Structure formats: C-alpha cells, structure tokens
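Me: Got a model I'd like to go through with you. Can you take a look?

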Amino acid sequence: MSKIVEIYTDGACRGNPGVGGWGAVLCYEGREKHLYGAEAHTTNNRMELMAAIQALASLKRSCKIELTTDSKYVKDGMTEWLANWKKRGFTTANKKPVKNIDLWQRLDEEVARHEIKWSWIKGHAGHKYNELADRLANKAIDEL
C-alpha cells in the first residue's frame with residue numbers, strides 16, 4: 001500500500017428529504033479526479049455516505065487514504081459507531097435499526113480494501129477541496 005490518496009467528500013440536499021447530490025475530489029501526485037452523482041429522492045446524510053462510497057469504489061487497488069469530510073455523521077460513524085453497530089447486528093444502543101444501513105454496509109465493504117485516516121473539517125469555511133466537493137454535489141443536483 002504505497003499510494004497515498006487524499007479524498008474530500010460532500011453531500012447536498014435540496015429539501016431533506018429531497019433532491020440530493022454528492023461530490024468527491026481525489027488528489028494523488030498533483031492530479032485531481034472529480035466525481036459526482038445525484039438522486040431524485042434522498043437525504044443529506046445518504047448523500048454524505050454516497051460520496052465516500054463512490055470515491056473509495058473508484059479506486060482500482062488498495063490504497064493508503066486520508067479521507068476528509070464535513071460530515072460528523074460519516075466521520076463519527078466510521079471511527080466511533082460502526083464497530084458497535086456490527087457487534088449488535090446493525091442496531092443502535094437503543095436496539096433500533098441503524099438508519100441508512102444499506103449505505104453503511106456498502107461503505108464498510110469499501111473501507112475494508114484500504115487503510116484510511118478519517119478527518120472532519122468545518123463545511124463552507126473556505127477549504128479549497130471541501131468547497132469543490134460541495135460545488136460538484138450541487139452540480140449533480142442541477143444536472144439531474
């Protein structure tokens with residue numbers, strides 16, 4: 001695992017639920033790859049998860065990754081909650097089903113292929129790649 005890929009992800013939703021989009025920027029050795037997509041009826045959290053899923057799925061081999069998101073839901077889910085959800089059969093501490101279980105399971109599958117450091121940054125705070133991921137997510141909505 002010698003490659004180090006920086007990934008920046010964001011999700012957007014117009015209405016929650018509503019029309020949503022996701023965007024991801026992958027940076028490697030001075031190159032950038034932009035990914036984005038949209039769904040007609042979704043939530044912001046689902047789009048945040050989808051951005052990370054699609055970014056990781058786009059990688060052809062195992063990589064060392066620094067993934068930065070402005071979603072505490074995604075970051076905390078991956079670094080704090082997921083292990084316990086899995087032990088409990090994807091139920092919360094209150095014995096309720098985990099919301100967005102389908103996407104959490106997909107993300108967990110993608111993560112297994114890589115070595116990932118998860119980071120959170122404040123959204124809409126002027127970070128170049130977070131702002132770009134946000135623009136991509138909104139472009140996806142506009143093109144839907």
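Reply: Helices (H or I, at least four residues) and strands (E, at least two) are DSSP runs, numbered from the N terminus. This is a predicted model, where local features need pLDDT of at least 70, side-chain atom pairs count only at pLDDT 80 or more, and totals for chains, interfaces and linings use all residues. Residues are numbered from 1 along each chain as its sequence is written, and side-chain values use heavy atoms, with hydrogens and water left out.

Me: Ok, where is Phe90 found?
Reply: In the loop between α2 (72-87) and α3 (101-111). Phe90 isn't a glycine, yet has a positive phi of about 60 degrees.

Me: And is Phe90 buried or exposed?
Reply: Buried, because its relative accessible area is 12%; the cut-offs are under 20% for buried, over 50% for exposed and partly exposed in between (1.4 Å probe, protein chains only).

Me: What's phi like at Asn100?
Reply: Positive too, near 60 degrees, in a residue other than glycine. Asn100 sits in the loop between α2 and α3, and is buried at 17% relative accessible area.

Me: Switching topic: which helix has Asn130?
Reply: α4, residues 128-143. Asn130 counts as buried because its relative accessibility is 3%.

Me: What does the Asn130 side chain make a polar contact with?
Reply: The side chain of Asp70, at 3.3 Å. A polar contact is a pair of N or O atoms within 3.5 Å; within protein, one must be able to donate a hydrogen and the other to accept it, and residues adjacent in sequence count only if both atoms are side-chain atoms. The Asn130 side chain also reaches the backbone nitrogen of His124 at 3.5 Å.
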